[in-house]
Amino acid sequence: MPLCGNATDCFPFWGFSNMSHTNLEKIKALQKKTGNIRNICILAHVDHGKTTLADSLVASNGIISSRLAGKLRYMDSREDEQIRGITMKSSAISLHFTKGDEEYLVNLIDSPGHVDFSSEVSTAVRLCDGAIIVVDAVEGVCPQTQAVLRQAWLENIRPVLVINKIDRLIIELKMTTQEVYTHLQKILEQVNAVTGSLFTSKVLEERAEKTTDCQKNSENSGAEQLYDWSAGLEETDDSHLYFSPDQGNVVFASAIDGWGFSIHQFAQLYSQKMGIRIEVLLKTLWGDFYLNAKAKKIMKGAQCKEKKTLFVQLVLDNIWSLYEAVVIKRDKEKVEKMVSTLGLTVSARDLRHTDPKVLLNAICSQWLPVSQAVLTMVCDKLPSPLDMSEERVERLMCVGAQRFDSLPCQTQELKKAFMECTSEDTAPVIIFVSKMFAVDSKALPQNKQRPLTQEEIAQRRELARERHAKRLATCQDQNNQEQTPVSETCGENRNVDDLGAQLESITLSAYRPEKEDNETFVAFARVYSGTVQTGKKMFVLGPKYDPTDALTRLPSGCSAAEDLPSIPHMACCTLVNLFLLMGRELEELTEVPSGNVIGIGGLEEYVLKSATLSSSPACPPFTALNFEAAPIVRVAVEPKHPSEMPKLVQGMKLLNQADPCVEVLIQETGEHVLVTAGEVHLQRCLDDLKERFAKIEITASEPIIPFRETVIRPPKVDMVNEDIGKQQKVAVIHQVKEEQSKYPDGVQVDSDGLVTLTTSNKLSTIGVRAMPLPEGATRLLEQSTDLIRTMEMYNLSVKEGRNTLAISLKTLQAIQDLKEAFKSHLQGRKWRNAVDQIWSFGPRRYGPNILLNRIEDYKRPSVWQCLDKAANDTAAYRDFDNSIVSGFQLATLSGPMCEEPLMGVCFIVEKWDMNLPLSQPSRDDYVNANASVKLHSQGEQNGGEGNAEARQSGDEDCKPIAPVSEASPCSAAQKRKTETAGSDCYGPFSGQLIAAMKDACRYAFQVKPQRLMAAMYTCEIMATGEVLGRVYGVLSKREGRILQEEMKEGTDMFIIKAVLPVAESFGFADEIRKRTSGLASPQLVFSHWELIQSDPFWVPTTEEEYLHFGEKADSENQARKYMNAVRKRKGLYVEEKIVEYAEKQRTLGRNK
Ligand SMILES: Nc1nc2c(ncn2[C@@H]2O[C@H](COP(=O)(O)OP(=O)(O)OP(=O)(O)O)[C@@H](O)[C@H]2O)c(=O)[nH]1
Ligand SMILES: [Mg+2]
């Protein structure tokens, strides 16, 4: 007796991967039924079985044979994906599914689980309304499981859970059914704990926002109101958020063996069989309930009475006995009996097969087909595009900290279009492109030879038959005339005819000449409103597009087809092709209604990685995608044959477009650099570059390892752990005095580290001091980059007098919190009032270093001015305020040790004297100034990589140097000064000041004890007890530090959490895999920057130190090694003695 209908019953197996005509027509029809569309993605930690599960779902539509499901990994269409066995890109497929009387269209996106490709997950999640979270029953919740749950949460999409690989609990871990039940419960708890923490933080955030509103209201009304924080959590209903089998949002499965079920299926079965109401069973099948056979009742308290729970008795025991009979004992008779009681038909071939898994699959995929269970849950529990929540729409429409109600009315009206999601002609068309992917031009439907549809075959057959009949007629005529036997020749003729028709059918079938370039870009997109048609013109809106500004400039009701004035960050494009995404295949479409995931051709000129397309200029650009991992591994690449450079450049351009996460830079030094998320990603990018985009041989450098430079407080102990006594401190001061001679003219360094520097035209003097920031403050800065960026944007807009940016209350609150948190980190006499004195952050105006204003006679508005609207006095800025900031930005972008960015350094400006003459500067001044600017730019060139970064993020960094931002806010007095100083303001003098400030910061940095900071990965390794020792061996060899080791409950696996310097990580994953025979494989995720304790400039001074480290003392100095390696790479001067004692060396061999 089958437990449920099999999805595969409804659809025959076609056995080839091309889509049949009827199938395509069906999908086209379903695309119009928006309420029955489900856009979903499969998310999980690496190797938890996403692609295997996708195979079963794909097989249910007959696109692949069900025998191959799980083996083919159909969605992994790249060769390297198949070879390595991991998914590297997200790809979509449209499936249809019949449930009862309803037909559904499921647009399914399979995503990669490897952390290097987490940006691909972001591109998938954005286009979906729901997600299937897959968890390996043995490994449980892993780091990427948490990450994908967070991503789903951030995008506001609803998840359902599939606990996969349950067969491993039976076969590998040999658990009893009772143990399995407890184990599954634990996994559910773990997943729910992650969801719970996400939910709690959100509720508290919302409460906080409400509290601020309340406070505001109460301040206005003068009434006192208290708000109880704890109440927030209790009153918010969160039951729908959690995963629980009785809610119907959990499926237990073994994707590889083709089975899966939700308790609903078993409830249905047993309610018929045992005559218990289905509602009762639904509530009791999962949980602490047992069956009292005598009383014929379901009772609570199975655990304390040591009874089998219903789930164990009715569900797990059955599955276990099947496995036992088929796989473990191979009991043929029992199997046959079971098959007949279940009412299944298993072919004799399967019954006889030597591999018991084949038989198991044949039985299970009929009895409890996983596709049926998963797709039913998807259709029941996940929302259709019509159910998009208001919150999600607003979040998509508001970039950064923007407030929804600050958008123009026309834009706000579009919210309705999002919510209604109609395909009517009047509805505005809104599309979001989340990534561009490259396909071989030959694979495009218009260039492909496709098999004929049934109708076409029938038509051709008819034609052939007619021709044949004609020929037969002529044949007969001749026959009559010549009296020769005809059967043979006519038979031949027929064959030839048929063959001809077939050949014709193949060559004619939609074959168009091949394009010359063989990579075409297709946009991975979703239609949020309206109907998309080929040939339509649309606006392409870049991330910085501002509808407020555009609507005032454009005629109302204009469309992309008209000739319009040029608007910043907006372009017009034509939708050349529309595609249905079918995994490895694309099918051509002419129109697509709202709510569907599609591919769009012809956008490569307009869209780099992602974009918003709309028929209405009122549409705002969608918020940027949430990328979890920042690219960190960089290599320089060059063609093997230098003449092929142009091909490499072109190839890198294509690669940049085809990958959501890779960064491609050309450094000032001329090096071409790829920045990737990790080793595996790097390898994929290099392969792509070689084989697809550049098609040339290339060589890649060793990975370039990033460092940060910082200063610390003077250490209390020396290298041999002895206290540095007073005597030595005196020596240090003495050293400083000696070093004074190293500084050029015009630079003074006093004993407590204040550096005073005068510009070359002697018109201005700056006094700067460097101080290390407390660790907590640096961390806070790092975590708050987005917020600081918003704040700086606001400050800039105020300074320019635009004041158009409206910051939402929530963001203001966050800024206030940040300020308070800062205050708590910057305690003590040294930091008094420091928070209010912050002048800027750097590099790039949001980096982890700060500039403080402690100039006595200069009270400029603080960076926190958005919190205090009353204080917005633009007149309070001194001239050249920006030059000081720019100098600071440049100094923090590349430090003096090895031109790497600074981190955790506070520069305090204590003195800034200006004695500008009230006349035009003399010619001499100009000459001087120009020289200084030149010098400065030379310095930049030496800066190499760091400065290239500056140029990269050009518009932000260069702004201070450009005059625009300085232009408007001038008081009357200032104006006078500006007029008299004339071109000075934006000309050579500001350049001198920037250079002077930059140098002052560098010298101030150098008088403090300097240190390097290394980038650190965290890694979580799961390994069995036997290989644990080897894992530790590899970790310690690579200077890894173990943070935690724990045993995974119920298994023999250990989880080791460790940190590892990025510099030592290359080849780490491979080494671990090799040393443990593939039993352990780590995932490396960038975690933080860590101080390297040793001083790169250290030389032994005391006797003990000499004794310990010898005169050269470089064996211990890892920091110096790193520093020199970076300096060498950048072509900077390296102080190194290469040959110490020039004496002839003897080889050991000769000695014998
Ligand atoms: N025992 C068992 N193995 C499974 C099951 N499902 C998948 N696997 C195996 O797990 C491995 C990984 O499966 P994939 O489907 O490639 O995993 P994935 O989640 O797509 O991996 P990435 O895309 O790389 O993140 C393969 O060797 C599968 O055969 C299952 O239910 N039981
Ligand atoms: Mg996969």
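Visitor: Which element gives the largest share of the shell around ligand 1?
Guide: That's α3, with three residues. Keep in mind that this is a predicted model.

Visitor: And how many residues surround ligand 1 in total?
Guide: There are 19, and the closest are K50, T51, T52, T87 and D167. By class, the shell has six charged, nine polar and four nonpolar residues.

Visitor: Which polar side chains reach an oxygen atom of ligand 1?
Guide: T51 and T52 are two to look at. A side-chain N or O atom of T51 is 2.6 Å from a ligand oxygen, and a polar side-chain atom of T52 lies 2.4 Å from one.

Visitor: How much of ligand 1 does the protein bury?
Guide: The protein buries 85% of the 650 Å² that ligand 1 exposes when taken alone.

Visitor: Switching topic: what should helix α6 span, and what does it span in the model?
Guide: Its 12 residues, 143-154, should span 16 Å at 1.5 Å a residue, and the end C-alpha atoms are 17 Å apart, so the two agree. Several α6 residues are buried, including L149 and W153.

Visitor: What comes just after α6?
Guide: N156, which takes a positive phi of about 65 degrees.

Visitor: Last one: is A550 buried or exposed?
Guide: Buried, because its relative accessible area is 0%. A550 sits in helix α21, residues 547-553. Leaving aside residues up to four places away in sequence, A550 touches Y545 and I567.

Key: Residues numbered from 1 in each chain as written. Chains lettered and ligands numbered in written order. Predicted model: local features only at pLDDT ≥ 70, side-chain atom pairs only at ≥ 80, totals over all residues. Heavy atoms only, no water. Helix = DSSP H or I, 4+ residues; strand = E, 2+ residues; numbered from the N terminus. Buried < 20%, exposed > 50% of the residue type's maximum accessible area, 1.4 Å probe, protein only. Contact = heavy atoms within 4.5 Å. Expected span 1.5 Å × (residues − 1). Near = heavy atom within 4 Å. Polar contact = N/O pair within 3.5 Å; in protein donor to acceptor, adjacent residues only side chain to side chain. Areas by Shrake-Rupley, 256 points an atom, 1.4 Å probe, with all protein chains shown as cover. Nonpolar A, V, L, I, M, F, W, Y, C, P; charged D, E, K, R; others polar.
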